[in-house]
Amino acid sequence: MKIQEILQEIYKIDDDMKNYEKELEKIIQSFIKEKPEVNIDKDFVIRLKNKLMNQEISPREKTKFSFTMPNFVFAGAGAALMFLLMLPFVVDFSTFNKTNLSQNDSWSARIESLQKNAFGSLSSITNSQDGDEFALNESARSITNADALEASDDIAPKQVIRTEEAVGLGGGGTMGADTVSGKMIAPYYNEIEYVYTGDDFDLEGDEDLVYKRVRSNAINNILANGISNVGGGLIDTSNFSDIQVNSLNLVETKEFGYSINFNSYDGAISLYKNYQTWPNVNNKCRDEKCFEQNRLSIEDIPSDDKIIAIADSFLGKYGIDTSVYGEAQMQNDWLSYYERAEDKDNYYIPEEIQLIYPLEIEGQTVYNEDGRASGLTVSVDVRNMKVANVNSIRQNEFVSSVYELENDENKVIEYIESMGNRNYYRGDDVEVNKVQIQLDNPEMILMTYYLYNEEDGSSEELFIPALLFPVVNYEESEYLYGRKYVTVPLVKEIFDEYYQQSTQDDDFIPRPIEPMPLLDREDEVITEEIDEPAKVENDNE
Amino acid sequence: MKNDLDLVKKCQNGDKESFGLLYDKYIEKIYSFVYCKTHHKETAEDIVAKVFMKAINKIDTFKEGSGTFQAWLYMIARNTVIDHYRTEKKDANIDDFFDLDSNDDIVRDTDIKIKLEKVEKYLHILKSEQRDILIMRFWQDMSFAEIAQVIGKSEGACKMNLARTLKKLREEMPADMFIYLLLVGGLIR
């Protein structure tokens, strides 16, 4: 009876296990049978109880906390009610009584288990991605590497359009300072090769949990009811039916006030500075000199610890639940570019520094497909030493379902080493710059993945098991490649799809567009001759 | 019979006798769990004493609605065992007796060695969390809801974990083991 009870619990999440029922019964039976009889020393029991009864228990103090309602201007008569109704989703009052023995109740309450493959097919063949290329798609990655394109002039190649080529492209004229100096484009291509240089690794298990974020309609319904009669005499809103409130904005009108956007469609709250109430030192500038004088210098940037402390304090003050997030990670890519810049004096120092509190689902950190942590993002205004914005404040609840995984390590390595653009046709006699991206030992992570619903155009946010490979020679390849990590999704149907695409032997793969480096103007410039306009004869003459 | 929550509330208001009742209810279960993970009487007693001392000193942190008192107690017990081994062996990878290497200086009671003879090597190949879930579900009769609270994960994750454990054991446990069980169980003669 007990054995069947245990088996039925497991079948609920993985009914394929029924195929091995007889064997599983025997295994469970063997362990139940071999349960050791443990005899406790009665004297020990009495001694310990006596000791405990001599302990004093301090009566619990009433939990005291106060929540100061921010000084918000309300958009309408029902908005105050709406805001108060929304508070439970944003403020975690239990955090006021934290101790070291806080109970591990978060995930039991936040995750509902569904049957195997409950989310249907995860393949992008049947589910288009939400507009993003994959980390698996090397050509797309090299095209859109904004980091490389924003790097200092003397390090990263910039894309420059010659005057004659700009004609007809819609933009008119050329772009970039380099055209002023007379630089030309030189045609060479980066041939990128991935090599795994880490240790052997094992992929255990052929199945694992995929999580899906739950969108709650509760906010919609409450808000809609609250504002059903707020037409203000200009419109009778009671005649509308099936109302949903997709977005609501509240603003603070005091100095350094904030604007809060409640987006119930995305299920997220964003908070950002109300620019009208924040001082802007450049408002009175009328010339470049004034702007230059107001620019921040590197010495104005506080330490990471101080920035994190500002963010932590802000989140605590406004009761923003951080229980499902890890510690703040600084996003200091700009700093690495600054350190490489030759002209540091004129390098733009950002006014806002970003941090990410990475989402952690059941102990696993969540990353985006580009290898950056995913979660709660906070920006700190370093001029005013205050939080500038907070994005993706969410009610973190999920459902989970078991999916089959790829667990052949050799296949994974074969796949990542087949990425890159070595097979792209780029013409004869073209100079090729070979770039080898070396990858180190992977780590199991959860990766964000969007499941597109073609019927209603919506996307659902999933978190799938994946491997995160760090780029070993990031410093060398940074400005051509720009990513510190490569991710590989392990859900089998997704992996298989990209494995097929990446390892197939095509005769020809279209050449991707790449940013090109510069050459001095030595080669002959081919210019178009513009013909004289045809003379129009006047019939009346 | 008063339920656990009522007793906890009384404890939180300073009533030691209520804690005594909780102690009487759970001492043997907690000792059994800890002993299965330490295999040594004196070590188990030392750890169990720490568990209940922590429980009585931190009883005010137990929150209604966040799980059962039993799960909370098991969580303290599990963490205390882990702390014991990691401190004693100065190794963050050792969570209990089964993680010890044969070269380590192992102190162990003889009788449990005999009792676990048939399944011990299979417990050794499992990871700490897999082993704990197996022990709690098979030997301690805890529900997955409670196990999830102890481990700090969802029920689904715990069930998934046990499913993987069973798959692994299926690969490792030989056919003659099943025959032995069938013999012992009187199903074949």
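**Surface patch, strand pairing, disulfide and salt bridges**

F240(A) sits in the loop of chain A between α9 (218-226) and β6 (247-252); helices (H or I, at least four residues) and strands (E, at least two) are DSSP runs numbered from the N terminus. The model is predicted: local features need pLDDT of at least 70, side-chain atom pairs count only at pLDDT 80 or more, and totals for chains, interfaces and linings use all residues. Residues are numbered from 1 along each chain as its sequence is written, chains are lettered from A and ligands numbered from 1 in the order written, and side-chain values use heavy atoms, without hydrogens and water.

Together with L234(A) and I235(A), F240(A) makes a nonpolar surface patch of about 380 Å². Patch residues have over 30% relative accessible area and no salt bridge; like charges are joined within 9 Å, and nonpolar side chains (Val, Leu, Ile, Met, Phe, Trp, Tyr) within 5 Å. Accessible areas come from the Shrake-Rupley method with a 1.4 Å probe, and for residues only the protein chains shown count as cover.

Strand β18 (residues 459-470) of chain A runs antiparallel to β19(A), and five bridges join them. Strands pair if DSSP finds at least two bridges between them. F469(A) has V486(A) in β19(A) as its bridge partner. Four of the five residues of β19 (residues 485-489) of chain A are buried, so this strand is largely enclosed by the rest of the structure. Buried means under 20% relative accessible area, exposed over 50%, and partly exposed in between (1.4 Å probe, protein chains only).

One disulfide was found over all chains, the criterion being a pair of cysteine sulfur atoms within 2.5 Å. C285(A) is joined to C290(A), S to S 1.9 Å. The link is left-handed, with -65 degrees about the S-S bond. C285(A) is buried at 7% relative accessibility. C290(A) is buried at 19%.

The whole structure holds 37 salt bridges over all chains, each a side-chain nitrogen of Lys or Arg within 4 Å of a carboxyl oxygen of Asp or Glu. In one of them, E23(A) meets R170(B), with the closest N and O atoms 3.1 Å apart. E23(A) lies in helix α2 (residues 21-33) of chain A and R170(B) in helix α9 (residues 155-172) of chain B, so the pair joins two chains. D206(A) forms a salt bridge with K167(B), the closest N and O atoms being 3.3 Å apart. This pair also crosses between chains. K167(B) is buried at 18%, whereas D206(A) is partly exposed at 34%.
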